[in-house]
Every structure is written in C-alpha cells, then in structure tokens.
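Me: I'd like to learn how to read a ligand site. Can you walk me through one?

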Amino acid sequence: MFELPEDVQQIQQLARDYARKEILPGSQARDHAHAFPAAIVAELAGMGFMGMMVPEAYGGAGLSTLAYVVALEEICYADASVGVTMSVNNSLVCWPILANGTEAQKQAFLPDLASGRKLGCYALTEPDAGSDAGAQRTRATLDGDAYVLNGSKIWITNAPYAQVCVAYANLAPEERHKGVCAFIIDTASPGFRVGKLEDKLGITSSATSELIFENLRVPRANLLGAERRGFGIAMATLDGGRIGIAAQALGIAQRSFDLAVAHARQRMAFGKPIAANQAIQWMIADMATRIESARLLTWRAAITKDGSDTARASHYCSMAKLAASETANFCADKALQIHGGYGYSKEYEVERLFRDARITTLYEGTSEIQRIVISRNYLG
Ligand code: CAA
C-alpha cells in the first residue's frame, strides 16, 4: 500500500489544517513558557482525536491505527508536546482499557477519556525499573475488596493533569514480571499524589512528573485484565505506544525538513543560495529518503497492528519507532546545521525541534530496547 485510503486522507487533511492554523502559531511561546496546551487538548477531543481508535459505542471516533498515526504526525508537525499528550491518552490509556477491560470498565472510563472530559496517564516506569520494566517494585497487596498500592513512578507523561491512570504494581516482586498487575486508578483517590515535575530538555509544554502511591486503595473492580497478567498488558500497550512515538518523530522530522528546505533556498552565501551547494543538497536528499522510509514502515506497523498477528505487529512497531526516532534526530540535527548560527537561537523553530527530537529515542523504549525486540525475532 503506497497511497492512503481516501477516508484516511480526509483525516490527514483535517489534522493538517487544524495543526497548522491552530497549533503551530503558538508552539514556540508554549515551549518557552512550558505551558500545558489544555485548550488545544480540549479542541482535539472535540474533533475525536483523543480516542481515535475507541469504538463509537464507547464515545470514540472508531478509526483505524493507520488514521491515528497519520493524524498524529500532522499534530506533531506543529507541536510534539501536544502530540505526546494525545498519544499517551490514545495508545497508553484508552487502548489497554479497550483491549483488556471488562464491559463495566470500558463503559466507566472510555467515554470520558475519548471526549476529553478526562485525561489519562500510564504509569509503568520506576526509579529502578526503566528499560528493565519487569523489575517493578511498586507493591500491591490484596486487602478485602481492594488492592493497596505503595511505591513511586517516574517520567509519567500527563500525570499532573490526569484524572485516570493506568498503573502497574507487583503482587510478588521476587517473581519479577510474573507478579505484575495492571490497574485503572482514579487519580482523585486518597493516597495518589503527584510528585516532582520534570524540567525537561524538550517537549517542554507537555507535563511530566513523578507519582507517589501511599496506601492507595484500588477497588478490585479496577484490576485491568487478570491478576499477575499485567506485564503482558504493559508490553502489548507499548507496542501501540511505539507507533505513536514513531508518528511523533515523523512530524518532527518533516517539519525540520520543510524548514531546512525553505532556509536553504533563501539564505545567500558567496553570492548564491546555499541550496546551490552539493553539501546542502546531499543533506536534503538524505533527510527526504529517511523520512519516506520511516513513514512507510510506520504505516506498515499501523496496518499490522489493526490485524490479528500481534507478534508481527510488535516487531513492526519497534522497527517503526527505531527508524522514525533516529530519523527525527538526524533531520533535526541537519536542519539546525543548515540554519547555521540561527539554528542555535531560541528564536528559530529548529532549535526547539532539535530538543524535541531527542526524547523520541528514549521514551516508550530506547532505540537499544527496540533493537533487542527486533533482533529476538531473528535470533531467538
Ligand atoms: N506483547 C505481549 N506480551 C509480551 C510482549 C508483547 N509485545 N513482549 C513481551 N511479552 C510477554 C512475554 O511473552 C513474557 O510473558 P510470559 O512471562 O507469560 O512468558 C513476558 O512478557 C516477559 O517477556 P520478556 O522475557 O521478553 O521480558 P524482559 O524482561 O526480557 O523484557 C523488554 C523485555 C522488551 C526489554 C521490556 O522490558 C521492555 O520493553 N522494556 C522497555 C520498557 C519501556 O518501553 N518503557 C517505556 C515506559 S512508558 C513511557 O515512556 C511513557 C510515557 O509517559 C511517554
């Protein structure tokens, strides 16, 4: 498939028009002020973009993963901070509830998450459980009709603004991932606390913080999936999350590319536009080729994710994330180089893109973790 289906093209156009008119103009100011884009998130929800793959029966847009990644790329072209806020709600919160939730859980949580009445966060990472996600230490103990959670999570996107948290805790830390359970938590519950806010290099207008659970009682009815099956849920959820980050990276890469081309055409040096130099032409060619390759891989991952072969989908999701995130960093770096000293100034968008690109090879699994997932499929 080399062209998008017509209905997906329409979603792409809708996202592109909105992103370039309503999101792009304020992206620099929000970045400098570290201002959370609450009003934009509300508008995205109104457009159906906060629960894109949630069926209409649960208040979502009922669209495909392909439509989602295409729309998300457009949003991230304008502002990757807005994009990650949207991506976490869709991929990391709505999806696991849809895929693993009971009917009552789906009805209780999905309509609010998809409509923007509530925002979600996903709490897996801990101070000592990052790439080694199976080393979960946040403790869950069963006490009557509730699980009691104690522990802390870090780097949690959306956490300060979230009303719903999909979180992981361990019933038996000595059994590593085999004790992990997934929970849906109402963040207004006593014992749920937002800790230190992260002051980040990039995506500064997205909100990231620590979470602390102190004798947090989670009703048994809020266990997501079966007891001790939480790690598989976390991993399957991250497959979808990784295509979301691939889409985010593509948006950053494409914006970097467009700004680099525009600058190369108009910037004069030695009596001619710098675009007349082969050194610049090669950079532009490499950027374009890598973007196109990563985009095709991301679309392939999205289409596979909508199918029934989950192992194959996981493989392509990691490939897409690896390719697109490395491409975003490559393109943002080259765009900055083409801008010369201007690119190093906060007045220019490429400076923000360079910082925003950096997270994409880190979160939702580093490039090294993606290579582990991919190589295991060949080497066992
Ligand atoms: N889908 C479903 N189940 C899966 C799976 C998948 N994609 N991948 C693994 N599993 C299951 C396995 O089948 C296995 O199940 P059993 O115990 O029943 O056999 C179990 O999970 C353990 O699998 P592994 O032995 O492969 O586990 P591991 O300890 O070797 O770890 C890993 C594998 C790939 C390194 C994993 O730990 C990993 O992905 N680490 C990175 C974590 C990560 O991406 N964190 C991002 C945090 S979220 C974030 O960034 C959020 C944000 O706010 C933006």
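Reply: On a 1 Å grid over the protein atoms alone, a pocket is an open set of points with protein on both sides within 12 Å along at least five of seven lines; a molecule sits in one if more than half of its atoms lie within 2 Å of its grid points. Here, the ligand takes up the space of the largest pocket. This is a predicted model, where local features need pLDDT of at least 70, side-chain atom pairs count only at pLDDT 80 or more, and totals for chains, interfaces and linings use all residues. Residues are numbered from 1 along each chain as its sequence is written, and side-chain values use heavy atoms, with hydrogens and water left out.

Me: How many residues surround the ligand?

Reply: A residue counts as near if one of its heavy atoms lies within 4 Å. That gives 26 residues, and the closest are Ser 131, Thr 157, His 177, Arg 242 and Arg 376.

Me: Which helix gives the largest share of the shell?

Reply: Helices are DSSP runs of H or I, at least four residues, numbered from the N terminus. H7 (230–266) leads with seven residues.

Terms used:
On a 1 Å grid over the protein atoms alone, a cavity is a set of points where a 1.4 Å probe fits but cannot get out, and a pocket is an open set with protein on both sides within 12 Å along at least five of seven lines; lining residues have an atom within 4 Å of a point. Helices (H or I, at least four residues) and strands (E, at least two) are DSSP runs, numbered from the N terminus.
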